[in-house]
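Dear colleague,

I am passing on the structure we spoke about, and my notes on it follow below. Please read them alongside the coordinates and tell me where you would look further.

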Amino acid sequence: MGFFSWPRRKRRAFPTKPTEPSPNIPNPFEVSKPPIDTHDASDNSHLPIPGAFPLTPPESPILVVSRGAAIEDEDVPPKGWESMDIDARPTPALVTDLGIHLHPRIPPYTPPPPSARRIPSPRPTKPPKPAEADLMDIDDPWDQQAQQDARVPHGPVSAVQFFSANKRPIPANRMASWYQPEFEKREKERLARERDLQRPTRVRPTGPPVRLISPEWLAKLQRAVQSGQAQAVAKSLAGDDLFQRDIITCIRPEAWLNDEIINAYLGLLVHYLRQSHGNHGPNERPRFHAFNTFFYSTLRDKGYQAVQRWANRAKIGGEALLNVDTVFIPVHESSHWTLMVIRPAERTIEYFDSLGSRGARQVKNVKQWLRGELGPKYKDAEWTVLPSVSSQQDNGSDCGVFLLTNAKAITVGVEPTVFNPSHITLLRRKIVAELMNGGLHGEFNPQDKATGAVLL
């Protein structure tokens, strides 16, 4: 069988000697010739076996691309080509469509002229986002809580809210969010604000905040001051006698109040609170209490163990303390009187200092007492120190009067800042007169019968 004539591959001439093919190897691409009869005719072992590989590999066919550009002359032979034996006999070409892919010819890159280069257009500027859109870009769900607190008073919403017309409580067994502790903190602050809004606000009288003393009582005070030192001029609700030497510390201008006057007057205020709130039964647990002037100094110097029984004797010890409405604690440090007001039922602490101190050390000592009294029921995160403000004294001797007047203002619901140092002389006399009267009743009732205003 013959072969068609195909375009031969162009080759460069190299100074190499062609070698004759081995006569012993049959060429499968040539027409078979009758072998020389050198052996017996029946010996056909030298004939090629159909389907078997030849003893030496045949020459590779030349791949010719059926469509596309021909192979150029620029093909450079491999290194060492000169020492290779090349069979220059013509070999058939194998036509295939894969030739263009096996030997792709990529045209060389020629950059476009400068005039034809495309100038990139400027990037479009984004329009400014409206202020409302900022609320949608939330990296942290609590970033916008301060701005949205007034409009969105609730925290995370359960999925059941989206499928119910009426608001349902969040299931108790749901998986807590990563932000649950932060949410509980925010919720506690929100409830504290609502509690402050629901609490009756302390009033500010439109006129003079301190009621004047009648001439009759001024005469009684004059006689008490001129009485002998051995004669009792008043008696505290606890049954302790108050003598002329005691009341002099309160009536005399710029005198320091002694402990007997402070303890007796705080007891008088607690009695007024219990009477006005119906908490005066003999077997009823008190909702109002005032510790004496030695409580804080003992707690500060000796710790909670030294005052452990004080609350039990007053029937407010242990977990029962959480049902108490108000506890007054007079604080005496460095010859200065201040007032601590604790509301265990509301978990709040107030500190009133006529010199403007915030009382961080005093609050810390009182929290030590609360922790020892309540035990596991005490959780510091539940207690809030309110920013309390007191009127300021203008000398170094009226702190005791400010202490008692602040306590009275809280008792009757008057803002403690309504009085000032100009009222101190009148307030000193009223403290003694109310002690001699045995309470805030009669002429010393805080609510004026004529106008209905509450006065000191």
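**Helix α10 and its surroundings**

Helix α10 is followed by G413, whose phi is positive, near 85 degrees. Please keep in mind throughout that this is a predicted model.

The helix itself covers residues 399-412, and its 14 residues should span 20 Å at 1.5 Å a residue, which agrees with the 20 Å that separates its end C-alpha atoms. Because 14 of the 14 residues of α10 are buried, the helix is largely enclosed by the rest of the structure.

One of the elements packed against it is α6, whose axis lies 10 Å from that of α10 at an angle of about 0 degrees; since angles under 35 degrees count as roughly parallel, α6 is roughly parallel to α10. On the α6 side the contact is made by I261, I262, Y265, L266, L269, Y272 and L273, and on the α10 side by L403, L404, A407, K408, T411 and V412. These residues divide into 11 nonpolar, 1 polar and 1 charged.

Two loop residues also deserve a mention. E254, in the loop between α5 (244-251) and α6 (259-276), has a positive phi of about 60 degrees although it is not a glycine, and with a relative accessibility of 55% it counts as exposed. S334, in the loop between β6 (326-333) and β7 (336-343), is likewise a residue other than glycine with a positive phi, near 55 degrees, and its relative accessibility of 75% means that S334 counts as exposed.

With best wishes

Definitions and conventions
Residues are numbered from 1 along each chain as its sequence is written. This is a predicted model: local features need pLDDT of at least 70, side-chain atom pairs count only at pLDDT 80 or more; totals for chains, interfaces and linings use all residues. Side-chain values use heavy atoms; hydrogens and water are left out. Helices (H or I, at least four residues) and strands (E, at least two) are DSSP runs, numbered from the N terminus. Buried means under 20% relative accessible area, exposed over 50%, partly exposed in between (1.4 Å probe, protein chains only). The expected span of a helix is 1.5 Å times one less than its number of residues. Axes are lines fitted to C-alpha atoms, for helices over the stretch in contact, and angles run from 0 to 180 degrees between N-to-C directions. Angles under 35 degrees count as roughly parallel, over 145 as roughly antiparallel, 65 to 115 as roughly perpendicular and the rest as oblique. Contact means heavy atoms within 4.5 Å. Ala, Val, Leu, Ile, Met, Phe, Trp, Tyr, Cys and Pro count as nonpolar, Asp, Glu, Lys and Arg as charged, and the others, Gly among them, as polar.
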